[in-house]
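Some labels used for protein structures rest on cut-offs. The questions below ask how such labels are reached.

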Amino acid sequence: MPARLLSVPAVAAALDVDRRTVYRFIAAGELPVVDRRTGTGRSRVRVPVGGPEEFIASRSVVSPRNRR
């Protein structure tokens, strides 16, 4: 069974960011991608369905308890 892949606009919507921000995350290596290039034309990248969840988990922080 092939892995389910998400388009950049779908990832942008899931993360509530602009698609250019998604491309920056990809360039920085923070989001995994599958390149579906079919020749010398433009790259057609897709993000595995678990990519956004892993990204969110890697950026999640636990807030410190309120100190009295």
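Predicted model: local features only at pLDDT ≥ 70, side-chain atom pairs only at ≥ 80, totals over all residues.

Residues are numbered from 1 along each chain as its sequence is written, and side-chain values use heavy atoms, with hydrogens and water left out.

Q: Why is phenylalanine 55 called buried?
A: Buried means under 20% relative accessible area, exposed over 50%, and partly exposed in between (1.4 Å probe, protein chains only). Phenylalanine 55 has 7% relative accessibility, so it counts as buried.

Q: Why does phenylalanine 25 count as buried?
A: Its relative accessibility is 12%, and therefore phenylalanine 25 falls under the 20% limit.

Q: Why is valine 49 called partly exposed?
A: Its relative accessible area is 36%, which lies between the 20% and 50% limits, so valine 49 is partly exposed. Valine 49 sits in the loop between strand E3 (45–48) and helix H3 (51–59); helices (H or I, at least four residues) and strands (E, at least two) are DSSP runs, numbered from the N terminus.

Q: Which residues does valine 49 touch, not counting residues up to four places away in sequence?
A: They are Arg4 and Leu6, where contact means heavy atoms within 4.5 Å.

Q: What makes the pair of phenylalanine 25 and phenylalanine 55 tilted?
A: Rings of Phe, Tyr and Trp (its six-membered ring) pair if their centres lie within 6.5 Å; planes under 30 degrees apart count as stacked, over 60 as edge-to-face and the rest as tilted. The count by this rule is 1 aromatic pair. The ring centres of phenylalanine 25 and phenylalanine 55 are 4.5 Å apart and the planes stand at 40°, so the pair is tilted. Phenylalanine 25 lies in helix H2 and phenylalanine 55 in helix H3, so the pair ties together parts 30 residues apart in sequence.

Q: Why are strands E1 (5–6) and E2 (34–35) said to stand at the edges?
A: The 3 strands form an open antiparallel sheet in the order E1-E3-E2. E1 and E2 each have a single partner strand, so one side of each is left without a neighbour in the sheet.

Conventions. Pairing = 2+ DSSP bridges.
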